[in-house]
Amino acid sequence: MRKVRLRHTGRFIQTFIYLGKLFRMFLFQNDWKVLPMSAVIAGLVSFAVGKNIFVTMEGTLMGTFALACICVWNGFFNSIQMICRERAIVKREHRSGMHISSYVAAHMIYQALLCLAQVVITINVCIFMKVKMPSESLFTAWPLVDIGITLFLITYAADMLALLISSFARTTTTAMTIMPFMLIVQLLFSGSFFNLPEQAMPFTNITVTKWGLTALCAQGNYNSLPMVSVWNNALKMKDYEVEGEKPLLEAFKMIEENNQRDAILKESGSLNQNPDFNFDRGVVVKCWIWLIIWTIIYAALAVIILEFIDMDKR
């Protein structure tokens with residue numbers, strides 16, 4: 001009876017049938033555990049690097065990289081095992097009339113809701129941990145909404161990449177083996193956090209982290225922030241002596257006494273701006289578009305791969 005029912009059920013109805021199945025798995029197979037896990041990860045990152053994010057250039061670069069890592073980590077763990085763990089079931093039901101497009105669409109809807117919940121949790125944990133958030137927005141009246149859109153798009157794109165991996169992985173073990181490699185690629189080729197050779201830069205365009213980090217830095221108005229690394233490195237030499245005197249120490253004292261420190265840090269930042277991080281709608285929209293494009297590509301490839309699941313001899 002089940003086979004006949006599926007064979008004569010349209011794609012739209014099938015999508016909601018499998019969506020209901022996914023929500024049951026969320027409740028009864030402990031898939032909900034990804035939500036508290038995302039809260040723990042956000043808390044650890046906020047504790048480690050949250051102090052200077054959106055406060056200094058260096059802190060913002062490190063903090064946005066960490067936020068992008070949170071999103072990629074969450075997205076990967078959401079779906080890396082979702083398809084491969086039930087591959088035999090998918091194969092059987094596809095032969096009984098299941099549309100692969102409906103099956104993947106159900107996953108996309110379910111994962112979108114899961115990613116949205118994780119973003120809300122992440123933002124609230126950051127606020128609870130006293131992480132300073134941007135006070136200006138480019139699109140909405142609420143800066144947190146703008147940031148939330150970016151975090152969602154990063155998480156969802158990573159989620160769909162993991163779903164793609166799960167669609168062709170032979171087993172859950174294989175999928176979990178591939179995941180660390182993909183994480184390393186995403187982190188290493190983020191584009192701005194690590195100094196990569198020029199010939200490696202084109203590879204950054206295919207990573208989720210590059211577009212996510214760029215959007216977050218732009219939304220945090222990176223180019224308007226002070227740069228502190230030059231000052232901090234110079235401060236380490238304050239006790240350097242020249243003919244028994246400490247000229248640098250005297251210079252630092254004079255700067256502090258005349259309240260010039262902040263002006264110097266601001267000037268240092270103005271001399272080290274990155275045009276890729278301009279506080280501009282065009283920069284953020286470009287990043288959002290690329291994240292959406294990669295999301296669509298990953299989902300489409302998952303559908304194409306699963307369409308050939310009947311040829312699977314496993």
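User: On what conventions do the values rest, and which pLDDT do local features need?

Analyst: Residues are numbered from 1 along each chain as its sequence is written, and side-chain values use heavy atoms, with hydrogens and water left out. Because this is a predicted model, totals for chains, interfaces and linings use all residues, side-chain atom pairs count only at pLDDT 80 or more, and local features need pLDDT of at least 70.

User: How many helices and strands does the protein chain have?

Analyst: Helices (H or I, at least four residues) and strands (E, at least two) are DSSP runs, numbered from the N terminus. The C-alpha atoms of the protein chain fill a box of roughly 95 × 40 × 35 Å along the principal axes. On that assignment the secondary structure comes to 13 helices and zero strands.

User: What percentage of the 314 residues of the protein chain count as buried?

Analyst: Buried means under 20% relative accessible area, exposed means over 50%, and partly exposed lies in between, with a 1.4 Å probe and protein chains only. Applied to the 314 residues of the protein chain, the buried share is 48%.

User: At what angle do helix α6 and helix α13 pack?

Analyst: Axes are lines fitted to C-alpha atoms, for helices over the stretch in contact, and angles run from 0 to 180 degrees between N-to-C directions. The crossing of α6 and α13 is right-handed, a crossing being right-handed if the near helix is turned clockwise from the far one by less than a right angle, and left-handed if anticlockwise. The axes of α6 (residues 100-128) and α13 (residues 281-306) lie 9 Å apart, and the angle is about 145 degrees.

User: Which residues of α13 are met by α6?

Analyst: Contact means heavy atoms within 4.5 Å. From α6, the residues Ile100, Ser101, Tyr103, Val104 and Met108 take part, and their partners in α13 are Ala299, Val303 and Leu306.

User: Where is Val104, and which residues does Val104 touch, not counting residues up to four places away in sequence?

Analyst: Val104 is found in helix α6 and counts as buried, at 1% relative accessibility. Its C-alpha atom is separated by 67 Å from that of Pro247, 143 residues apart along the chain. With residues up to four places away set aside, Val104 touches Leu163, Ala299, Val303 and Leu306.

User: How far apart are the axes of helix α4 and helix α7 where they cross?

Analyst: α4 passes α7 in a right-handed crossing. The axes of α4 (residues 57-79) and α7 (residues 143-168) cross at roughly 35 degrees and come within 7 Å.

User: Are the rings of Tyr18 and Tyr103 stacked or edge-to-face?

Analyst: Rings of Phe, Tyr and Trp (its six-membered ring) pair if their centres lie within 6.5 Å, with planes under 30 degrees apart counted as stacked, over 60 as edge-to-face and the rest as tilted; by this rule there are 12 aromatic pairs. The rings of Tyr18 and Tyr103 have centres 5.8 Å apart and planes at 85 degrees, so the pair is edge-to-face.

User: How many residues apart in sequence are the parts that Tyr18 and Tyr103 tie together?

Analyst: Tyr18 is buried at 5% relative accessible area, and Tyr103 is buried at 2%. Because Tyr18 lies in helix α2 (residues 11-28) and Tyr103 in helix α6, the pair ties together parts whose separation in sequence is 85 residues.

User: What is the angle between the planes of Phe26 and Tyr110?

Analyst: Both Phe26 and Tyr110 are buried. They form an edge-to-face aromatic pair, 6.4 Å centre to centre, and the angle between the planes is 75 degrees.

User: Over the face of which residue does Lys210 lie?

Analyst: A charge sits over a ring if NZ of Lys or CZ of Arg is within 6 Å of the ring centre and within 35 degrees of the ring normal. Trp211, Trp290, Trp294 and Tyr298 form one aromatic cluster. At 4.6 Å from the ring centre, Lys210 lies over the face of Trp211.

User: Is Asn259 buried or exposed?

Analyst: Phi of Asn259 is near 55 degrees, a positive value in a residue other than glycine. Asn259 is placed in the loop between α11 (247-257) and α12 (261-270). Its relative accessible area is 67%, so Asn259 is exposed.
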